[in-house]
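Visitor: I'd like to learn how to read a protein model. Could you walk me through one?

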Amino acid sequence: MNITMTGLPKVAEEVTDEALAEELRQSSQIWRARFSSVDLVNLPRMAMLAQSNAVAAAARKAGLDSTRPFGGQGMAPGEFVRIVRPLFETWDAEAVTLCERTVEKVHRGLLVSFEGSMRCSNPPAVPLKEPTGVLAKDPHLTLSIGSRKVVITFDPRWLTTSTANTTLYDATEGPLVFSGIGTVASVSEGGRIRISALVFGQPETLAQAQFHYAIRSAIPDPPGLTLDDFRNELSSSKLSHLYGDQSQERGAVTRKSVALLFDEDEVLPEQIDRVVLTQVSRVVPEYRRDLRVAVASLLFGGDGVTPTDLAAHFLAREPALWKSFTVPGLTTLIKSRNLAVSTVSGLSEGQAVDLHAVMCEADSSYLGYVEVDKGLPLHGHLLPPSDNYHVVGTELRLIYSAARRIVDEANGEDLHAPLVEWRERGLFRSVEWEEDLEQSAAEEQEASMVIEAWLNAQSE
């Protein structure tokens, strides 16, 4: 009697599928794009994304009839592009980045982001018509990733402007860089992947970013800005090295202070303190720890000063500051987010790089860092004036000043509670209070001046 085992292969297949799904999940990331031109937005199909409400609102604001393609709607499509382009800079659609590592594993229905140098076949003719479904006749973009040929199909009726159509004709003469997002429509046995585009356009170039800064700036350029300060950090094809020449100096012993920026709307109270101190403990050996940490809201603002000016003057110095931000990137954050900051003082150059790397992995609200220089007016004005924590070896010291202690006692605060809380977390072997003597002296002097002024007023 022959017995056929049918269950085991199925189990093995399920395990393989689960492993593949997990690998793709780990390869996915938030898709954002800084476009110079938004060439296609398929409004009906954008409804499949949770983030589509913002795009629909942009269409209504522009006066578009979203049930009709863009052609024949006058100036409304151009206004729509103007409104929607900055939305994609802060987009939060999670997609698998199509690259050599993932291209062999994608499957039908997967949301993917793509970018590369592409050619256009069968550029759309006017009047723009619905696709036939026959690739040999329909307009499409092509590029190669690894051993795979990727074909990006699109409905030409949702090309945003006539300029977008002209760009596609240019791509028939020579390859152009396009960036976008879409769904995998098919994966053929021959290795061809077909993607149905939801959005695509051309990434912003360095020259365009510099020009936009120049026309938006209301005050003189700060010294120390370089070409790298205007790179398109959202564009994989244009991304330059994050740290400049820092990797060559990892052996240096110069100590620095860095400001770590966070999306304040995405963190819970005290979450930043806990995450920063945890990651600092990971990257700095015990015998080298003599660090000070502060946490506060980061309130950019100023009458008549644009977000672009604030970003430029926060990031620029000669010699250049270490930073993961660009001027366009920080400008977008200032305009679109509530920001918080944690300053960490006493890091070596290599430790600053390592701290940035682990923070990127540990906290989704973490946005990046910039070296602190309190000699810069904006740094002195915006960053925390005093520290909250002092890390020495395996000991955490909670910093207080005389005035703050008096206020806490007057408000009935339990002064022992913070010590207990940090001790229970078990991150440090001991947790104690430490007085900021300099701050206490400054507060005492200020209080004396106030009392003296009050006495003088009474004597008069």
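Guide: Let's start with a contact: Val55, Ala58, Ala59 and Lys61 in H3 meet Phe80, Ile83 and Val84 in H4, where contact means heavy atoms within 4.5 Å. By class, this contact has 6 nonpolar, no polar and 1 charged residues. Ala, Val, Leu, Ile, Met, Phe, Trp, Tyr, Cys and Pro count as nonpolar, Asp, Glu, Lys and Arg as charged, and the others, Gly among them, as polar. The model is predicted: local features need pLDDT of at least 70, side-chain atom pairs count only at pLDDT 80 or more, and totals for chains, interfaces and linings use all residues. Residues are numbered from 1 along each chain as its sequence is written, and side-chain values use heavy atoms, leaving out hydrogens and water.

Visitor: At what angle do H3 and H4 pack?

Guide: Axes are lines fitted to C-alpha atoms, for helices over the stretch in contact, and angles run from 0 to 180 degrees between N-to-C directions. For H3 and H4 the angle is about 140 degrees, with the axes 8 Å apart. That makes H3 oblique to H4: angles under 35 degrees count as roughly parallel, over 145 as roughly antiparallel, 65 to 115 as roughly perpendicular and the rest as oblique.

Visitor: Is the crossing of H3 and H4 left-handed or right-handed?

Guide: A crossing is left-handed if the near helix is turned anticlockwise from the far one by less than a right angle, and right-handed if clockwise. H3 passes H4 in a right-handed crossing.

Visitor: How do H7 and H10 cross?

Guide: The axes of H7 (residues 271–283) and H10 (residues 349–362) come within 9 Å and cross at roughly 130 degrees, so H7 and H10 are oblique to each other. Their crossing is right-handed. Among the contact residues are Val275 and Val276 of H7 and Leu355 and Met359 of H10. The contact divides into 8 nonpolar, 2 polar and 2 charged residues.

Visitor: Now pockets. How much space lies in the second largest pocket?

Guide: On a 1 Å grid over the protein atoms alone, a pocket is an open set of points where a 1.4 Å probe fits, with protein on both sides within 12 Å along at least five of seven lines; lining residues have an atom within 4 Å of a point. About 470 Å³ of space lies in the second largest pocket. It is lined by 18 residues, of which Leu398, Ile399, Asp408, Pro418 and Trp433 lie nearest its centre. The largest share of that lining, 4 residues, comes from H13. By class, the lining has 9 nonpolar, 1 polar and 8 charged residues.

Technical notes
Points joined across faces, edges and corners; volume = space filled by probe spheres on them. Helix = DSSP H or I, 4+ residues; strand = E, 2+ residues; numbered from the N terminus.
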